[in-house]
Amino acid sequence: MDKIIRNILTKIESSGYEAYLIGGYVRDLLVGKTTYDIDITTNATPRELLEIFPSSNTKNLGGIDFKIKEYHFEITTYREEIKYKNRKPIEYNYVDNLLTDLNRRDFTINAICMNKKGEIIDLINGTEDLRNYKIRMIGSIETKIKEDPLRILRGIRIATHLNFTIESNLYKSFKENIKEVLTLSSTRIKEEIDKILLSDYVRKGLKLLEELGASKILKIENYEDIVPIKSLEGMYAQIKIGYDLPFTKVEKDNIEKLKKILKEKEITKETIYQYGLYLCLIAADIKSINKKTINKMYKELPIHDKNEINIKAEELMQEFGICGKMISTTFEELEHLIINNKLKNKRSEIIKYLKQK
């Protein structure tokens, strides 16, 4: 445990309260993975937490959050949740009992606690499921899914992340309730799919999405031959997804361009010139092309933009009477010749070529 994390727990305890690490940090630590999102559960109320950490931000659901270096801390008060609406508990009570708080959570492996000494407190038998590589729901499966359908995608994502299996009753319930995923916001859906696509076990995740019916309702296709890489745009470029996910304009453009590059038999100088080094390096990763080769080709390009061509549109008009669409056509021709080293990017050479033509 990092000294920074231990100091936060100590600070809460020194103020007279209980404090435990919980959730993804503990789960991942026990299986040898690293995460910088730190969840802490405590019997200190949000008001009391603000007195301990006055510069922190308050959270809607009873807690605070703040960042220290690479860590993002979320500290929440023990609570029991009484009534949900639109995935959010609209009725809940703060409690002074750790077990009550644990019972409101989703999966057993997310309810394993750790104190500042690094000792495990496991009141839900999460470590047993961790040893058995299994995702199991705490309490009533139907109730938990009804409360928050995001737990379906979260379960699939965690099973993918850890290369775990989903407990049989939970698997069956996920399949029966898969259409509930469509009640989620497109932002939430994309966040989970993003994490699945960037997982080391992405093929397992895509297979689970298919088996449980999520691929059908989200219209995810053409993922059988996906090549795992660490570029999210590169991963989306390899699949077809009909569901309207909230990509930015830049993401949409890059994904469409990557699809075009991937359809080409090879990455040429013209490909690199047209689409740029960034996208071609992603495509090279997918095509198993040495990135040094792509970087070398980029460096050897005589020009990287048509504005670098040593003649201006005004000169084409004055010297040769070229105008209108012929200007862009002429520049395209010059680009092709210069990029392929068939014409030097010198004004005198360009004029000589155009005069001969």
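Trainee: In this predicted model, which residues of α13 are buried, and what makes them line one face of the helix?

Mentor: The residues of α13 that count as buried are N254, I255, L258, I261 and L262. Seen down the axis of α13, these buried residues fall within an arc of 125°, and therefore they line one face of the helix.

Trainee: What do the buried residues of α13 pack against, and which exposed residues does the face turned away from them carry?

Mentor: The buried residues of α13 pack against α12 (232-237), α14 (269-275) and α15 (277-287), while the face turned away from the buried side carries the exposed residues K249 and K263.

Trainee: How do you know that the span of α13 is close to the expected one?

Mentor: Helix α13 covers residues 249-263, which is 15 residues, and from its first C-alpha to its last it reaches 22 Å, to be set against the 21 Å expected at 1.5 Å a residue.

Trainee: How does helix α1 compare with its own expected span, and which of its residues are buried?

Mentor: Helix α1, residues 3-14, has 12 residues and reaches 16 Å from first C-alpha to last, close to the 16 Å expected. Its buried residues are I4, I5, I8, L9 and I12. They cover an arc of only 140° around the axis, which puts them on the same side of α1. The exposed residues K3 and S14 are carried by the face turned away from that buried side, and what covers the buried residues includes β1 (19-22), α2 (24-30), β2 (37-42), α3 (46-52), β4 (63-68) and β5 (71-77).

Trainee: What makes D2 a cap for α1, and what follows the helix?

Mentor: A side-chain oxygen of D2 lies 2.7 Å from the backbone nitrogen of I4, and in this way D2 caps the N-terminal end of α1. The helix is followed by G16, whose phi is positive, near 100°.

Trainee: Why is D65 called buried, and where is D65 found?

Mentor: D65 is found in strand β4. Its relative accessibility is 16%, and since buried means under 20%, D65 counts as buried. The side chains of D65 and H72 are joined at 3.2 Å, and with the limit for such a pair of N or O atoms set within 3.5 Å, this is a polar contact. Beyond residues up to four places away in sequence, D65 touches S56, N57, K59, H72, F73 and E74.

Trainee: Why does N345 count as buried, and which residues is N345 in contact with?

Mentor: N345 is found in the loop between α18 (325-339) and α19 (347-356). At 19% relative accessibility, N345 falls under the 20% cut-off, and therefore counts as buried. The side chain of N345 reaches the backbone oxygen of E308 at 3.0 Å. Leaving aside neighbours within four places in sequence, the contacts of N345 are I303, E308, I309, N310, I338 and I350.

Trainee: How much space lies in the largest pocket, and which element gives the most to its lining?

Mentor: The largest pocket holds about 1,700 Å³ of space. It is lined by 44 residues, of which D39, E74, R154, R157 and R188 are the closest to its centre. Among the elements that give two or more residues to this lining are α2, β2, β5 and α9 (186-197), and α7 gives the most, with 6 residues.

Notes
Residues are numbered from 1 along each chain as its sequence is written. This is a predicted model: local features need pLDDT of at least 70, side-chain atom pairs count only at pLDDT 80 or more; totals for chains, interfaces and linings use all residues. Side-chain values use heavy atoms; hydrogens and water are left out. Helices (H or I, at least four residues) and strands (E, at least two) are DSSP runs, numbered from the N terminus. The expected span of a helix is 1.5 Å times one less than its number of residues. Buried means under 20% relative accessible area, exposed over 50%, partly exposed in between (1.4 Å probe, protein chains only). The arc is that of the directions from the helix axis to the C-beta atoms. Contact means heavy atoms within 4.5 Å. A polar contact is a pair of N or O atoms within 3.5 Å; within protein, one must be able to donate a hydrogen and the other to accept it, and residues adjacent in sequence count only if both atoms are side-chain atoms. On a 1 Å grid over the protein atoms alone, a cavity is a set of points where a 1.4 Å probe fits but cannot get out, and a pocket is an open set with protein on both sides within 12 Å along at least five of seven lines; lining residues have an atom within 4 Å of a point. Grid points are joined across faces, edges and corners, and a volume is the space filled by probe spheres set on the points.
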